[in-house]
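Colleague: Could you walk me through this model? I have not looked at it before.

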Amino acid sequence: MLSKGGWMGSDWNSAVTGVAPHLVRAARLSHEYLRIHLGRFREDVMRGMGPTVEALASVVMLRREHVPLFGMLLQSHRHELLELADARTLTPARSLELIQRLGSLVREDPLLRKDLEAALEAHATH
């Protein structure tokens, strides 16, 4: 169910059933972000650079020097990512699928995975 501002609370849970609460929150945030910034997201993924790439790199805690590598990774998977972010089919579940795919792409690259693991380890100790 959509409210004026997007998906309503309990409907989010049914839209992304069977996932951990923190993933429901991630799906909600990514869906809202994509609804607002979809054009910019699509453009930046196509180019492999831009504000969206910078923001996503920050979210997954990549070191500054690895942002261009991350951008190239997004660009090389642009067809898959842009299909997931298609405005006609964008749902909370698709948004969750998109962010999970971004996470798996980061984990597949040794340098990016190392950044992510170091950041998660540092976060866990604080």
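**The largest pocket**

Modeller: The lining of the largest pocket comprises 19 nonpolar, 4 polar and 2 charged residues. The model is predicted, so local features need pLDDT of at least 70 and side-chain atom pairs pLDDT 80 or more, while totals for chains, interfaces and linings use all residues. Numbering starts from 1 along each chain as its sequence is written, and side-chain values use heavy atoms, without hydrogens and water.

Colleague: Which residues lie nearest the centre of that pocket?

Modeller: Of the 25 lining residues, Ala26, Val59, Val60, Ile99 and Gln100 do. A pocket is an open set of 1 Å grid points that fit a 1.4 Å probe, with protein on both sides within 12 Å along at least five of seven lines; lining residues have an atom within 4 Å of a point.

Colleague: And which helix gives the largest share of the lining?

Modeller: H2 does, with 9 residues. Helix H2 (21-47), H3, helix H6 (92-108) and helix H7 (110-124) each contribute at least two. Helices are DSSP runs (H or I, at least four residues).

Colleague: Changing topic, where is His66?

Modeller: His66 sits in the loop between helix H3 (51-59) and helix H4 (67-76).

Colleague: Is His66 buried or exposed?

Modeller: His66 counts as buried because its relative accessibility is 8%, and buried means under 20% (1.4 Å probe, protein chains only).

Colleague: What does His66 touch?

Modeller: Not counting residues up to four places away in sequence, His66 touches Leu111, Leu112 and Asp115, with contact meaning heavy atoms within 4.5 Å.

Colleague: And Leu74, what is in contact with that one?

Modeller: Apart from neighbours within four places in sequence, Leu74 is in contact with Val45, Val53, Leu56, Leu81 and Leu102.

Key: Buried means under 20% relative accessible area, exposed over 50%, partly exposed in between (1.4 Å probe, protein chains only). Ala, Val, Leu, Ile, Met, Phe, Trp, Tyr, Cys and Pro count as nonpolar, Asp, Glu, Lys and Arg as charged, and the others, Gly among them, as polar.
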